[in-house]
Amino acid sequence: MSQKSRFTPSFQSIKSLPGDFRFSGAPASDRFGDDDNVRNSNIISSSIPENGELKDSIAEGVEGSPGPLGDMDQVIDDSPYSGNTISTEDRQSRVDEDLDSVTPPLPSISSFRTERRWGDTTSYAGKKKLQSWYQLPNGNWELGKILSTSVTETVISLPNEKVIKVKTEDLVPANPDILDGVDDLMQLSYLNEPSVLYNLQYRYNRDMIYTKAGPVLVAINPFKRVSLYGNEYIEAYKRKDVDSPHVYAITDTAIREMVRDEVNQSIIISGESGAGKTETAKIAMQYLAALGGGSGIEHEILKTNPILEAFGNAKTLRNDNSSRFGKLIEIHFSETGKISGANIQTFLLEKSRVVQCTEGERSYHIFYQLCAGAPPALREMLNLKSADEYKYLQQSNCYSITGVDDAEEFRVVKEALDVVHINKEDQQSVFAMLAAVLWLGNISFRVIDNENHVEAVADEGLFTVAKLVGCSPEELTLALSTRKMRVGNDNIVQKLTLSQAVDTRDALAKSIYACLFEWLVEQINKSLAVGKRRTGRSISILDIYGFESFDRNSFEQFCINYANERLQQHFNRHLFKLEQEEYIQDGIDWTRVEFEDNQDCLGLFEKRPLGLLSLLDEESTFPNGSDLTFANKLKQHLSSNSSFRGERDKAFTVSHYAGEVTYDTTGFLEKNRDLLHLDSIQLLSSCSCHLPQIFASSMLNRSEKPVVGPLHKLGGADSQKLSVATKFKSQLFLLMKRLENTTPHFIRCIKPNNSQSPGIYEQGLVLQQLRCCGVLEVVRISRSGFPTRMSHQKFARRYGFLLLENVASQEPLSVSVAILHQFNILPEMYQVGYTKLFFRTGQIGVLEDTRNRTLHGILRVQSCFRGHQARCYLKELRRGITTLQSCIDLLLIYFGESYHIFARKQTGIFEI
């Protein structure tokens with residue numbers, strides 16, 4: 001069916017769409033470059049007559065909705081991306097019901113084409129729509145009813161019954177009511193910012209928090225419990241009884257594609273802090289455990305969540321359960337599709353939070369859980385106090401989270417530690433290390449001479465820490481108050497000033513906690529991998545910190561935002577670059593869609609020798625380097641870079657894909673060096689407790705060769721060769737390499753408000769996040785393209801047996817074309833490339849259904865034939881057995897009679 005489609009102005013803020021961009025779609029001979037044709041199967045547009053005049057008509061979409069992009073061979077029609085479709089009759093009746101009160105009956109569907117471009121900037125007055133969007137001075141969009149219009153001005157009525165006169169060019173077209181709350185943004189007739197915002201808000205207000213944007217799932221944090229989860233929903237998505245957008249649907253697709261294509265999958269969850277990434281990852285893991293369970297290992301995998309959250313999550317100003325580290329959970333499957341094991345990799349734990357907290361935030365959850373939930377025996381053993389008695393926790397003046405019972409959470413953590421096979425003795429040691437970190441913060445210092453040198457005060461804090469780690473108070477005092485240095489051939493002991501001693505104490509606390517976190521992850525991995533056979537098939541779930549921009553941004557935000565730049569490029573690469581490049585390489589007609597590429601910003605970070613990371617490492621090696629000299633060096637070498645801007649004093653600004661962020665370099669060098677002096681490591685190695693010994697050994701063996709030069713002179717441990725930034729960059733590169741070898745599935749989490757309150761939807765905040773993650777661009781490129789593709793060889797091999805004629809001797813391309821013709825696949829629904837066939841969404845599903853039915857029929861025939869063969873064989877066998885038995889009986893009778901005759905003869909002779 002040909003349809004009329006009308007395309008309207010896009011916003012200048014959406015830079016990814018060229019002015020001459022258009023879709024094509026009706027005749028078989030049309031190409032993407034034809035100006036007079038539109039070939040989009042999912043555009044639904046409507047115009048409403050003004051003053052009783054019918055000037056436009058409704059254009060309806062054909063069945064199906066665009067499927068996922070990415071480098072995959074095919075997408076079956078029961079994919080979660082296929083979505084619900086509304087029949088033409090249903091839609092027409094719904095339009096009539098919605099609009100009878102304000103307009104005469106709508107005309108029937110018209111089947112003509114029109115030229116409209118996404119970059120259309122013509123006057124909106126000529127389009128004479130009944131409703132349109134108008135942007136208020138505060139930036140919010142309101143849906144207004146057009147009362148009268150002229151070439152330059154239009155009078156509209158706003159929802160508050162206020163009537164205003166606006167410039168006609170400031171109006172943006174609104175979608176008809178029939179499209180309110182569609183579950184895929186690709187179904188919107190007008191894909192402009194206010195329409196997308198309204199559609200998401202419409203669904204959000206009805207607790208429909210998931211919406212598809214082509215191949216991407218948009219998840220809006222409801223900040224409350226919603227009835228969308230549990231075994232009933234899992235079974236429904238497993239049986240394909242439900243196809244509405246959901247994390248379950250995305251995860252189900254990943255499982256099916258892993259089994260079908262024998263390719264590893266990844267689910268990449270991104271979004272700002274507080275957008276719900278951690279909960280989304282847990283929901284995906286629950287579905288995987290439900291479908292791949294059976295061996296018991298799935299229960300252990302799920303129990304890792306409370307452990308990692310307790311030790312790696314904290315309350316921030318924006319999120320009560322913010323992940324302060326990144327994690328990649330790789331879940332392995334057996335040949336039968338059952339979970340066989342898992343492995344967890346973590347990235348960049350925010351160690352500074354252990355010793356420093358902002359007002360209104362909390363340190364890591366486990367500290368408060370331990371203080372609130374430890375039983376009396378444990379409290380006595382650790383000399384444990386309440387949370388408000390520890391100086392590390394006092395800084396933020398925040399000790400609880402509304403609605404969270406820390407004591408109960410501690411019970412859950414202990415139960416989880418049991419499940420992942422961490423024995424009671426090790427658990428006691430873990431809690432002892434946590435208490436030691438807290439008590440380290442309570443150690444104070446006193447001045448001992450005129451040069452402001454200090455030594456640790458011998459008080460409760462000092463003695464408790466010494467007892468918990470297993471060393472003497474004197475050894476601990478020396479390690480915190482002095483530093484051994486080698487000058488020439490001599491070893492000297494240098495006394496520390498107050499600031500130096502405090503830094504040494506805090507460095508020890510941070511290192512103990514970071515090593516404890518790494519040790520826990522290592523133990524979990526051992527538990528999940530014991531006795532499990534890997535097959536090479538896996539699904540990885542990436543839950544990593546989102547883009548961050550605060551009033552003051554430090555080294556942590558610097559690294560986090562760099563990681564997000566890398567992930568955004570991976571997103572661009574799969575959904576934009578590779579998509580369009582493949583069309584071009586395979587000779588497919590395609591109108592290129594421009595998008596924001598962040599390569600310049602990545603170059604600013606990674607370029608050598610004059611990139612942000614290189615200059616940071618260079619300055620970190622200088623003994624006299626400071627945060628100010630680092631800032632000045634950046635301004636000196638990077639001022640010409642378009643993504644960089646120097647600021648006053650120690651600040652600089654980077655233009656990220658998500659917006660500009662200003663960083664304060666205070667503390668950059670110290671955090672990048674992350675040096676723990678060798679004296680502190682030796683202290684840990686000499687402790688009687690086994691965990692401090694393990695930590696010391698880990699730190700000493702972390703590097704292949706000792707530090708030489710300036711870092712050594714700074715007093716750093718011989719083992720600490722690599723800076724934090726360099727190690728993080730290496731981790732990030734390995735992560736990207738791993739993700740490149742998987743088929744990705746993207747979930748974009750959106751935070752609707754900053755107050756973490758249910759029911760509040762801030763348009764500006766949501767819009768900024770949608771722009772950052774490229775949702776609108778994804779929809780446009782998906783709606784106009786061919787998301788399903790398959791090589792000629794694979795297509796012919798998979799579906800060739802369905803042909804009525806024998807074409808086994810023909811080349812794959814001929815077989816493929818014959819298949820398409822036999823099943824009447826419309827020419828406008830596919831294109832033939834040099835090496836692949838490219839399909840619109842849903843087309844492969846028709847063939848896949850036929851293939852499955854045919855195979856099922858073949859199996860039934862084979863089953864019947866084999867049953868017939870078995871029955872015939874059994875009959876023959878029985879007949880043979882009966883015959884054999886008859887022969888044996890005859891022989892027995894014959895030989896029996898002969899024996900009796902012989903016996904009688906012998907008896908007669910004897911009688912004679």
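Me: Let's start with Trp-133: what is its bridge partner in β5?

Reply: Val-172 in β5 is the bridge partner of Trp-133. Strands here are DSSP runs of E of at least two residues, and helices are runs of H or I of at least four, all numbered from the N terminus. Two strands pair if DSSP finds at least two bridges between them. β1 (residues 131-135) and β5 pair in the antiparallel sense over two bridges. Bear in mind that this is a predicted model, where local features need pLDDT of at least 70, side-chain atom pairs count only at pLDDT 80 or more, and totals for chains, interfaces and linings use all residues. Residues are numbered from 1 along each chain as its sequence is written, and side-chain values use heavy atoms, with hydrogens and water left out.

Me: In what order do the five strands form the sheet?

Reply: The order is β4-β3-β2-β1-β5, an open sheet with antiparallel pairing. Its edge strands, β4 (163-167) and β5 (172-173), each pair on one side only.

Me: How many bridges join β2 to β3?

Reply: Four bridges join these antiparallel strands, which form a hairpin with three residues between them. Thr-149 stands opposite Thr-154 in β3.

Me: And how many bridges pair β3 with β4?

Reply: That antiparallel pairing has five bridges, and Glu-153 stands opposite Lys-167 in β4. The hairpin of β3 and β4 has five residues between the strands, and in it Glu-161 takes a positive phi near 70 degrees.

Me: Why is strand β3 described as largely enclosed?

Reply: Buried means under 20% relative accessible area, exposed over 50%, and partly exposed in between, with a 1.4 Å probe and protein chains only. β3 (residues 153-157) is largely enclosed by the rest of the structure because four of its five residues are buried.
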